[in-house]
Amino acid sequence: MQDAELERWNTRFAAPGFVFGTVPNAFLASQAPHLKPGMSALCVADGEGRNSVWLAQRGLEVTAFDFSPIAIEKARAFARESGVRVAYRIGNVNDWGWDERQYDLVAGIFIQFVGPDERAPMFAGMARAVKPGGLLILEGYGPKQLEYATGGPKKLENLYTEELLRASFKDLEILHLASYDAEVDEGAGHKGMSALVDLVARRPA
């Protein structure tokens, strides 16, 4: 199953251009006031690098991973062309070393390729990877996204609700948690009216 999923994403990322565009996710960009040069950041399943490159452009020291070697290759080229350094690694959320180090920022943007069984340890690992005083930023699709069909998973159990995120990150201080509908324009992969769920949480110092 994992081999088939990897082949699917490799095929998708092998297409010309950038599947999700080259500009950062709008919600992540809206959190710029929280970001300072020199902060360390981890981008989870970052794909072709649009979010990690943007963070590096703001002076953050960024590590990013994705399980698609083709995505990582494109991300490295994008970072070079953008004049920034990002530590890109090929990795899977199921075996990523969440306890390897902690970061000032952990960002997960539309990482809903995992179902509930994989999601629980992934969320727990992401929370552990946040330094005391550091931030976790997460955006995903809510259940109504199945009606919009403008991107994201086709399985209800992979989608987020405020209740799910509040429970999953109960050990963090919730600074912002909201679900709403908005237009998304992120390449061909995410385009059109969408049901979104946003979270910003802080690990207590």
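Visitor: Which residues of helix 5 are buried?

Guide: This is a predicted model. Helix 5 covers residues 116–128, and a residue counts as buried when its relative accessible area is under 20%. The buried residues of helix 5 are Arg 119, Met 122, Phe 123, Gly 125, Met 126 and Ala 127.

Visitor: Against which elements do the buried residues of helix 5 pack?

Guide: Packing here rests on contact, that is, heavy atoms within 4.5 Å. The partners include one helix, helix 7 (162–168). The buried residues of helix 5 pack against that helix and against strand 1 (40–44), strand 4 (103–109) and strand 5 (130–141).

Visitor: How many Å does helix 5 reach from its first C-alpha to its last?

Guide: Helix 5 has 13 residues. At 1.5 Å a residue, a span of 18 Å is expected. The computed reach of helix 5 is close to that expectation, at 18 Å.

Visitor: Is Ser 40 buried or exposed?

Guide: Ser 40 is found in strand 1, one of the elements against which the buried residues of helix 5 pack. The relative accessible area of Ser 40 is 3%. Because the cut-off for this class is under 20%, Ser 40 is buried.

Visitor: With which residues is Ser 40 in contact, leaving aside its neighbours within four places in sequence?

Guide: Among these contacts is Tyr 103, and strand 4 comprises residues 103–109.

Visitor: Is Arg 76 buried, exposed or partly exposed?

Guide: Arg 76 has its place in helix 4 (residues 69–82). Its relative accessible area is 37%. Buried means under 20% and exposed means over 50%, with the remaining class in between; Arg 76 is therefore partly exposed.

Visitor: What separation in Å do the C-alpha atoms of Arg 76 and Val 86 have?

Guide: Arg 76 and Val 86 are ten residues apart along the chain. Their C-alpha atoms are separated by 7.6 Å.

Visitor: What radius of gyration does the protein chain have?

Guide: The C-alpha trace of the protein chain spans about 45 × 40 × 30 Å along its principal axes. For 205 residues, a compact globule would have a radius of gyration near 17 Å. The value for the protein chain agrees with this: 16 Å.

Definitions and conventions:
Residues are numbered from 1 along each chain as its sequence is written. This is a predicted model: local features need pLDDT of at least 70, side-chain atom pairs count only at pLDDT 80 or more; totals for chains, interfaces and linings use all residues. Side-chain values use heavy atoms; hydrogens and water are left out. The radius of gyration is taken over C-alpha atoms; the globule rule is 2.2 Å times the number of residues to the power 0.38. Helices (H or I, at least four residues) and strands (E, at least two) are DSSP runs, numbered from the N terminus. The expected span of a helix is 1.5 Å times one less than its number of residues. Buried means under 20% relative accessible area, exposed over 50%, partly exposed in between (1.4 Å probe, protein chains only).
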